[in-house]
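The sequence and the structure come first.

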Amino acid sequence: MTVMNIVQAINEAMDLKLAEDKDVVVYGEDVGVEGGVFRVTEGLQQKHGEKRVFDSPLAESGIAGTALGMAISGLKPVIEMQFDGFSYPAMNQIISHISRFRNRTRGKYTVPLVIRIPYGGGINALEHHSESPEAYFGHTPGLKVVIPSTPYDAKGMLIAAIEDPDPVIYLEPKRIYRAIKQEVPDGKYTIPLGKAKLLSPGDDITVIAYGAMIREVQKAMVMAKEKGISVELIDLRSIWPIDRDTIGASVRKTGRGLIVTEAPQSYGPAAELISVIQEEAFLSLEAPPKRLTGFDTVIPLPLGEKHYMLSPQRIAFEIDKIMRY
Amino acid sequence: MFDINTLKEYSPIENKIYRVIDDEGKPVIKNWKPSLSNEEIVKSYQDLLFARTADMMAVSYQRQGRMFTYPPNLGQEAIHIAAGHVMQREDWLVPAFRELGAWLAKGVRLSEVFLYFRGHEDGSRFLDANRVLPVAVPISSQLLHASGIGYAMNYRDEEAAVFAFVGDGGTSEGDFHEALNFAAVWDAPVVFIIQNNQFAISVPLAKQTRSINLAVKGLAYGMDSVLVDGNDFFAMHDVLSFARQHVLENKRPILIEALTYRAGAHTTSDDPTKYRSSAEEEMWAQKDPAKRLKSWLVRKKLWNPADEEALIEQFRKKIDTEFDIAEHYPEYKLDDVFGYLYEELPDELKRQKNDYLNFLNSQGGQK
């Protein structure tokens with residue numbers, strides 16, 4: 001066991017896979033010499049060589065499209081989109097090819113690759129550096145889309161993603177890259193993709209969140225507890241597929257549901273989760289399931305983020321409202 | 001014979017077109033000799049005739065309502081046949097969608113081509129073909145796959161070249177430029193082939209670029225580039241043979257602009273009379289690749305035009321048999337919708353499939 005943060009856990013997952021599997025290559029913008037703008041790939045080029053960990057030309061569609069070419073010819077690329085807002089030029093490659101090459105060729109060519117993307121707000125960054133694009137990916141048939149919220153999950157889920165036979169979008173909650181430290185097992189272990197995790201059991205209301213929002217919900221739970229409200233917290237971990245069994249079982253038990261995401265509201269993951277609750281737990285509901293999300297606005301520049309980002313107070317306020325329905 | 005000196009001589013900056021035979025099939029370069037044997041040249045002409053016959057029959061199947069949208073190859077076949085001859089089994093073919101002769105040369109079954117354009121994904125299985133990618137519809141997006149494959153070939157020390165196709169309109173897409181740049185930076189063994197057939201659906205080349213030609217774009221990426229008469233089978237063959245050797249020996253990509261003309265429509269849904277004149281079409285008909293190669297063969301007494309009709313009749317029977325396979329392919333099943341998106345069907349998709357099966361059962365059984 002080693003105590004580490006999310007950045008170190010992701011780094012260790014790539015390090016282990018690079019050492020174990022000579023088909024794994026890691027590339028993107030600044031991931032080589034510099035070790036990534038967040039230092040997530042730090043030391044990997046020095047250790048595994050320039051042929052396997054390298055800086056590519058600065059072009060996201062190019063990074064994604066070439067990764068498909070590598071994947072269908074036997075490599076396992078782990079590519080980085082430097083920031084959420086920079087992943088959009090790669091969308092054509094992701095939506096039109098990466099997600100569906102297996103289907104198009106009836107399984108003759110498969111695309112075992114991982115696209116790592118630091119995502120989310122709350123880091124006082126420039127425009128295009130604070131976005132939550134998970135709905136775009138979750139809406140795309142053929143992808144798996146996952147988001148860890150702890151160092152333990154970050155390592156096990158990334159190893160699982162690299163070993164997965166299909167393309168995985170691995171979103172990294174950059175706001176909590178270094179905020180949480182945790183004991184992480186040495187060596188290899190995997191966490192199955194597509195499974196949510198019950199973080200803390202409770203009786204009165206189910207809150208579903210993921211990524212950096214987990215920590216905010218946990219703070220809100222302390223406030224709720226003071227009012228005698230027992231919250232059950234689920235870390236979704238997988239945007240697609242959604243673990244409807246875990247969600248259904250929880251809401252059937254508590255009778256109430258709140259979804260907390262920082263992504264914009266309309267057509268977002270929260271809407272999808274509410275549909276799942278309706279389908280799985282309708283007859284157990286004591287109150288309409290609710291969503292607390294980012295606004296359907298552009299996420300503001302740093303001085304305005306206080307209005308956009310969901311605070312523990314706001315989450316607690318919403319929990320309270322649902323309880324008093 | 002095309003070598004490194006010819007490459008220098010034909011720098012695209014000079015806007016000089018590599019051409020070996022004229023419109024009447026007469027050699028235009030002194031002392032030029034084909035690098036293929038007479039038998040190989042005759043075989044190539046037969047392959048061209050076969051591909052042309054299949055292509056024209058595909059258009060008529062479509063007109064008969066037996067196939068959906070299809071992109072005709074008429075007028076561009078010399079490029080495909082030359083590429084088909086040069087490509088080796090271990091080489092990769094990364095098509096756009098108008099390279100029928102090259103697909104067939106790589107082992108794609110004609111019945112698969114028909115099946116694809118009849119609307120079944122099984123037409124991209126390519127059961128007998130090694131290293132052929134499926135049709136790429138989003139323009140130029142496939143070129144990046146070629147650059148990535150090229151990286152993988154270097155990474156694995158494989159002696160295999162990648163042949164990637166795009167059209168003239170595709171050179172305006174960002175992915176075209178990214179693909180060239182990545183391949184050049186990575187020293188990837190990719191032969192990029194632009195089929196400049198003068199039109200992107202209805203839009204003429206003059207509205208795509210202010211460059212003096214398309215090959216010149218490669219120079220800016222530090223690539224060797226050459227402009228070639230794409231309706232001249234020998235010129236195409238010379239350039240492609242050189243290109244394959246060049247990318248493998250020197251570990252660098254090359255860009256080839258093949259000048260040609262799409263004699264047919266963009267696809268069977270298109271009407272070219274709206275955007276081009278019959279005078280222009282007639283002018284290009286004089287440069288038809290089949291006509292030029294045939295003239296060369298007849299002059300050399302290697303081909304008797306009187307035999308052609310019987311041969312084509314034989315081809316037509318074979319093509320009809322292939323179409324029959326596609327037309328009587330097993331019915332599209334529900335598993336064809338769900339079965340190939342992921343290695344293992346996720347529970348969510350099982351649930352959606354079951355919902356639909358329940359509906360089908362309510363209607364009196366599964367279809």
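Strand E4 (residues 76–80) of chain A pairs with strand E5 (114–119) of chain A in the parallel sense, over three bridges, where pairing requires that DSSP find at least two bridges between the two strands. Within this pairing, A:Glu80 stands opposite A:Arg116 of E5(A). E5(A) also pairs in the parallel sense with strand E7 (residues 168–173) of chain A, over six bridges; there, A:Tyr119 has A:Pro173 in E7(A) as its bridge partner. Helices (H or I, at least four residues) and strands (E, at least two) are DSSP runs numbered from the N terminus.

The model is predicted: local features need pLDDT of at least 70 and side-chain atom pairs count only at pLDDT 80 or more, whereas totals for chains, interfaces and linings use all residues. Residues are numbered from 1 along each chain as its sequence is written, chains are lettered from A and ligands numbered from 1 in the order in which they are written, and side-chain values use heavy atoms, with hydrogens and water left out.

Buried means under 20% relative accessible area, exposed over 50%, and partly exposed in between (1.4 Å probe, protein chains only). In a regular strand the side chains alternate between the two faces of the sheet. In E5(A), A:Val114, A:Arg116 and A:Pro118 are buried on one side, and A:Ile115, A:Ile117 and A:Tyr119 are buried on the other.

Helix H9 (residues 244–254) of chain A has as its buried residues A:Arg244, A:Ile247, A:Gly248, A:Ser250, A:Val251 and A:Thr254. These pack against strand E10 (205–209), strand E11 (231–235) and helix H10 (269–281) of chain A, together with helix H14 (347–362) of chain B; contact here means heavy atoms within 4.5 Å. After H9(A) comes A:Gly255, with a positive phi near 80 degrees. In the loop between strand E12 (238–240) and H9 of chain A lies A:Pro241, and the peptide bond from A:Trp240 to A:Pro241 is cis, with omega near 0 degrees.

Most residues other than glycine have a negative phi, and most peptide bonds are trans. Positive phi is found at A:Arg106, near 55 degrees, and at A:Tyr267, near 60 degrees. A:Arg106 lies in the loop between helix H5 (101–104) and strand E5 of chain A and counts as buried because its relative accessibility is 5%. A:Tyr267 is placed in the loop between strand E13 (257–264) and H10 of chain A and counts as exposed because its relative accessibility is 80%.

There are two cavities of 30 Å³ or more. A cavity is a set of points on a 1 Å grid over the protein atoms alone where a 1.4 Å probe fits but cannot get out, and lining residues have an atom within 4 Å of a point. Volume is the space filled by probe spheres set on the points, which are joined across faces, edges and corners. For the class counts, Ala, Val, Leu, Ile, Met, Phe, Trp, Tyr, Cys and Pro are nonpolar, Asp, Glu, Lys and Arg charged, and the others, Gly among them, polar.

| Cavity | Volume | Lining by class |
|---|---|---|
| Largest | About 30 Å³ | six nonpolar, two polar, no charged residues |

Helix H5 (residues 110–117) of chain B gives the most to the lining of the largest cavity, with three residues. The lining of the second largest cavity includes A:Arg100, A:Arg102, A:Asp166 and B:Leu341.

Over all chains the structure holds 32 aromatic pairs. Rings of Phe, Tyr and Trp (its six-membered ring) pair if their centres lie within 6.5 Å; planes under 30 degrees apart count as stacked, over 60 as edge-to-face and the rest as tilted. B:Tyr10 and B:Tyr18 form an edge-to-face pair, 5.2 Å centre to centre with 90 degrees between the planes. B:Tyr10 is buried at 8% relative accessibility, and B:Tyr18 is buried at 1%. The rings of B:Phe114 and B:Phe323 have centres 5.2 Å apart and planes at 75 degrees, so this pair is edge-to-face. B:Phe114 belongs to helix H5 of chain B and B:Phe323 to helix H12 of chain B, so the pair ties together parts 209 residues apart in sequence.

Methods. 1 Å grid on protein atoms, 1.4 Å probe; cavity = no way out; pocket = protein on both sides within 12 Å on 5 of 7 lines; lining within 4 Å.
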